[in-house]
Amino acid sequence: MSDTDTPKLDFAARGENNMSYGDYLDLDRILNAQHPRSPDHNEMLFIVQHQTSELWMKLMLHELEAAIGAIAHDQLPPAFKMLARVSRIMEQLVHAWDVLATMTPPEYSAIRPYLAQSSGFQSYQYRCIEFALGNKNAAMLKPHQHRPDLLARVQKAFEAPSLYDESLRLLHRRGLPIPDSHRERDWTQPYAESEAVEQAWLKIYREPQAHWDLYQLGEELTDLEDAFRLWRFRHMTTVERVIGFKRGTGGTGGISYLRRMLDTVLFPEIWHLRTDL
């Protein structure tokens, strides 16, 4: 075996030039961050499921924020790559529910008292994702008021133009007739569907060769919302499978709340135009 085929085996000496896999990934902290509170075997599944979801959401926010910035600066090719990655991350999160669905109702009931009022509903990263995608709701700032550092992050996402807002501003810069009400507005308010915006998207979809990159943007947004709907739907069905119609630990109606969330449409004109094509 040549020297080039000899794997590195000795990491006793410390330093950046002798960094191991575990050092690079900070695995000691990650793999020791699971602290079950109940005596039940199945709580480890519940913790790891949610911690890994938060890691994926961290990457999703990293990509979403960069994509929004790229669109704001007319840099569409890198934005497309980032948005495609976000859609694939959501696919990972959809399949993660398959693992949690192996937890049966009696198994969840054994750990539920130990969760107190903690709930995924309170995830600040998920809230930042929703805000970045345009689902703005001032009431969703309240769960983070006890942590000024987290509140500042969520507030920033709440007050910023969403992915769709920046996309419409881009359409205006390309000469499409986006009304003033949808280019410069109070970004903290929920998005209001516009016939004029739908007509602008229809022009793009009827003449894709003349507006190819904007046409691709519309399809990237469609892919993203499609994946997001699947993620929400799989969340709802998993919760119903495990806890039925009990109230959520965070005080929501559980299934009734999750079903209402399925009715949220992020990019309405892009979906509605398909009927008119």
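Mentor: Helices here are DSSP runs of H or I with at least four residues, strands are E runs of at least two, and both are numbered from the N terminus. This is a predicted model, numbered from 1 along each chain as its sequence is written, with side-chain values from heavy atoms, hydrogens and water left out. Local features need pLDDT of at least 70 and side-chain atom pairs 80 or more, while totals for chains, interfaces and linings use all residues.

Begin with the whole. The protein has twelve helices and zero strands. From the N terminus on, the order is α-α-α-α-α-α-α-α-α-α-α-α. The C-alpha trace spans about 60 × 60 × 35 Å along its principal axes.

Now H3 and H4. H3 covers residues 43–72 and H4 covers residues 76–100. Their axes (lines fitted to C-alpha atoms over the stretch in contact) lie 8 Å apart, at an angle of about 165 degrees. Angles run from 0 to 180 degrees between N-to-C directions. H3 and H4 are therefore roughly antiparallel (over 145 degrees). H3 passes H4 in a left-handed crossing, with the near helix turned anticlockwise from the far one by less than a right angle. The contact of H3 with H4 has 23 nonpolar residues, four polar and two charged. Asp, Glu, Lys and Arg count as charged; Ala, Val, Leu, Ile, Met, Phe, Trp, Tyr, Cys and Pro as nonpolar; the others, Gly among them, as polar.

H3 also gives two or more residues to the lining of the second largest pocket, as do H6 (124–132) and H7 (148–159). A pocket is an open set of points on a 1 Å grid where a 1.4 Å probe fits, with protein on both sides within 12 Å along at least five of seven lines; lining residues have an atom within 4 Å of a point. This pocket holds about 330 Å³ of space, the volume filled by probe spheres set on the points. Its lining includes Leu-61, Glu-65, Ile-68, Cys-128, Phe-131, Arg-153 and Lys-156. By class, eight lining residues are nonpolar, none polar and three charged.

Last, H10. H10 (residues 212–243) has 32 residues and reaches 46 Å from its first C-alpha to its last. That is close to the 46 Å expected, at 1.5 Å times one less than the residue number. Gly-244 follows H10, with a positive phi near 65 degrees. The axes of H10 and H11 (residues 255–262) come within 10 Å and cross at roughly 165 degrees. That makes H10 roughly antiparallel to H11. The crossing of H10 and H11 is left-handed.

Methods:
Parallel < 35°, antiparallel > 145°, perpendicular 65-115°, else oblique.
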